Amino acid sequence: MENKFKVSAAPHLHDKTTVSNVMWQVVIALVPALIAAVYFYGINALFLTIYGVVAAVLTEYLIQKWRKVPVTVSDGSAVLTGLLLTYNLHAGAPWWLPVVGSVFAIAIGKQVFGGLGNNPVNPALLARAFLVASWPTLTLSGWIKPNSGMMSGITCLQGLGDKASTLITSATPLDVAKKLRDSDFVSGLASGEGAKVFNALFDSSTLQNLFWGNVGGVIGEVSAFALLLGAAWLIHKKIIEWRIPVSFILTVVALSFFFGGIKGLGQFSLLLPIFHILSGGLLLGAIFMATDYVTSPMTRTGRIYFGIGCGVLTVVIRLVGGYPEGVSYSILLMNLAVPLIDKWTMPKPFGGRKKK
Amino acid sequence: MKLKTFPGGVHPHDHKEYSKNAPIEKMDLPLKVVIPLSQHIGAPSKPVVKVGEQVKTGQIIAEPGGFVSITQHASITGKVTKIAEFPHPCGTTSMAIEITGDGQTDEWIELTNEEDVMSVSVDVMKDRIKIAGVCGMGGAGFPTHVKLSPPADKSIDTVILNGVECEPYLTADYRLMLERADDIVTGLQLVMKIVGAKRGMIGIEANKPDAIKVMQKAVSQLKDISVVGLKVRYPQGGEKQLIYAATKRSVPNKGGLPMDIGVVVQNVGTAVAVYEAVRYSKACIERIITISGKIVTNPKNLQARIGTSFQALFDKCGGAKEEIAKVISGGPMMGFAIPDLTAPMAKGSSGLLFLNKKEAKMDIEYTCLHCGRCVDVCPHNLIPSMISNGAMNEDWDMAEKAGAMDCMKCGTCAYVCPAQIKMVQWIDIAKINVGKIIRERQQKS
């Protein structure tokens with residue numbers, strides 16, 4: 001018999017959240033960061049972003065056509081991947097770098113596994129790792145300094161020796177912090193200059209520069225303020241939940257307070273953790289990448305462990321690793337642990353055990 | 001009043017505005033009724049009438065088919081015209097008895113009238129409830145006489161009446177509380193007496209403040225009965241959720257029952273049916289059903305005979321203002337989409353809802369994003385996505401570990417799923433298969 005009415009399984013109501021709704025909300029939340037990047041680094045930041053996004057969308061479209069699956073480029077997930085990948089590059093990168101990165105992110109990071117929902121790690125971060133490994137000089141140097149400030153954000157120091165002033169004019173805040181850990185480097189500075197530079201890293205003027213974005217860095221991480229605006233939007237819209245970002249950031253705060261100092265230059269300071277929150281990609285990573293649905297735990301406790309894991313790895317890489325910044329690798333590594341975390345943190349069903 | 005609630009859940013728009021101000025209206029006597037032989041949980045009832053036989057209203061036409069089963073009655077006066085497979089309000093088919101009358105004659109079998117209903121002995125009470133064929137009117141339809149006869153080792157101290165009506169659109173229980181508060185309270189007192197409970201509670205969601213007021217007034221002289229205001233949250237009316245919210249006790253999982261923790265829950269409609277059964281020996285042959293939806297011309301709360309066809313109820317409300325895309329028997333969260341209006345209403349039919357094309361629109365289904373929204377809202381603290389993904393991959397072990405057997409299919413997970421996965425459907429498949437595996441395991445050991 002023919003059905004007169006549509007028949008489907010319950011429930012017959014649905015809240016307004018859809019995949020595309022979620023993706024576009026995250027894209028909207030990332031717009032302030034782009035505006036900040038254009039303001040501080042110039043219009044090239046916008047062009048690179050457009051290249052990256054267009055490449056991501058085109059790649060997704062072509063692969064979905066080829067796989068003969070429904071084309072879902074309008075849902076915003078490819079746009080988001082392209083956006084996040086480009087946000088991980090600096091504004092001085094050549095035009096083809098975001099393009100190659102986006103193609104890799106979509107093709108190898110996502111579609112190879114079957115598309116959205118099936119990728120084991122964050123595609124944008126995987127592509128960033130690929131670019132860093134393939135073109136280390138293009139990705140990790142040649143950064144653009146902000147229009148009206150210092151690369152390192154340190155504006156409170158004058159009259160330093162050559163070596164020290166080159167350091168604060170040409171290195172990003174985390175690069176400076178890394179260089180100061182190298183005792184050979186520090187011993188090459190004039191006496192007391194190492195400590196001066198180190199303390200200047202968390203001078204209130206530097207922290208202000210970091211907060212507003214008047215420092216060198218990659219496109220997406222420039223302005224902590226812009227990223228926090230985005231975070232407020234996402235939490236208000238209930239797209240992300242506080243557990244991952246908060247546990248991630250608090251872990252970094254705690255560890256950098258105890259271990260962020262450098263012997264001979266400076267130890268415990270309440271301002272050191274603030275430097276670590278505002279510098280590098282921590283906020284971008286904690287708010288926008290670690291919270292990626294597909295590659296983060298489903299359980300509430302799992303999200304906290306995940307955030308702590310990201311925080312520990314970030315601090316370990318920043319303070320003892322070979323790279324100045326560790327956010328992206330820490331998230332990638334924790335992504336791989338997600339199935340295990342979910343398994344270990346399975347909630348107990350409501351009601352408890354039956355009495356025998 | 002401090003509002004109580006349970007962990008998890010969602011808050012859908014309640015859509016009760018369409019029918020909440022429509023007083024209960026008596027549906028015209030139908031020309032024909034179709035009484036499904038399984039409109040309850042348990043074995044189907046066994047017919048005791050033959051085709052061609054004349055029956056009176058309230059006369060027994062089928063006997064319980066097992067311990068967990070119910071007696072069925074003719075809901076109109078007329079002739080048995082068919083005993084065959086008929087459409088069922090769940091969208092399937094089942095054996096049913098068709099009775100054809102003339103739409104006028106309503107000759108009842110002999111009734112009683114106990115002026116002092118509380119003085120009836122407990123055994124007689126139980127008997128009358130059993131013979132009246134009362135089963136849970138909230139939707140699930142568990143035979144009431146079974147629920148009221150807990151094994152001797154379970155002592156019951158609390159009876160909770162469920163006036164939550166957390167399903168959007170439905171207003172049948174709400175109208176009943178406004179219009180028949182005293183009968184509900186007497187029904188509650190009867191249930192308390194039968195199970196020997198000292199405490200009675202009536203749980204009502206805060207979006208029905210006038211019902212709370214009316215019920216509070218009705219119990220104001222009674223020390224042992226209280227009204228519990230509950231936060232508006234779906235599925236507040238789930239048995240385990242209601243018990244937790246009202247008493248902070250939780251029913252053991254993996255097959256635990258409310259009686260394990262000394263509680264019996266009854267729907268307010270069931271309480272009225274209990275009252276009528278004990279006082280008048282009146283069989284459960286009618287109920288209140290909400291006919292609603294934005295497109296229904298005159299949404300109503302109809303008091304209709306069991307077996308009245310959905311078509312007749314729909315016509316009574318003046319039809320629809322727009323093209324109908326989907327019809328739901330029950331509430332929108334757990335009800336059944338039905339293919340047409342040929343099915344009859346049963347004892348558990350709380351609503352008949354009509355949705356237009358826009359309301360019935362379904363977005364495309366994605367793969368699971370692992371966003372965890374279903375985990376956040378699951379009122380039973382399960383991992384719904386793992387159960388449904390387990391079912392998709394036929395990984396029954398995973399489905400079982402994620403809690404398939406504890407799921408009550410409230411649909412909260414599917415309601416929030418951004419990927420629009422039909423999770424309840426998959427979980428249903430998981431429950432069937434996991435259940436089979438568990439039974440095999442038990443047989444082996």
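User: What covers the buried residues of α11(A)?

Analyst: The cover includes α8 (173-180), α10 (193-201), α12 (224-236) and α14 (271-278) of chain A. Covering is judged by contact, meaning C-beta atoms, placed from the backbone, within 7 Å. Helices are DSSP runs of H or I with at least four residues, strands are runs of E with at least two, and both are numbered from the N terminus. This is a predicted model, where local features need pLDDT of at least 70 and side-chain atom pairs pLDDT 80 or more, while totals for chains, interfaces and linings use all residues. Residues are numbered from 1 along each chain as written, with chains lettered from A and ligands numbered from 1 in written order.

User: Which residues of α11 in chain A are buried?

Analyst: A residue is buried with 20 or more other C-beta atoms within 10 Å of its own, exposed with 12 or fewer, and partly exposed in between; C-beta atoms are placed from the backbone. In α11 (residues 204-212), Thr206(A), Leu207(A), Asn209(A), Leu210(A) and Trp212(A) are buried. Just after α11(A), Gly213(A) has a positive phi of about 120°.

User: How many helices and strands does chain A have, and what share of its residues is buried?

Analyst: Chain A has 17 helices and 0 strands. Of its 356 residues, 53% count as buried. Among contacts between residues at least 6 apart in sequence, 74% join residues at least 24 apart.

How values were computed
Contact = placed C-beta atoms within 7 Å.
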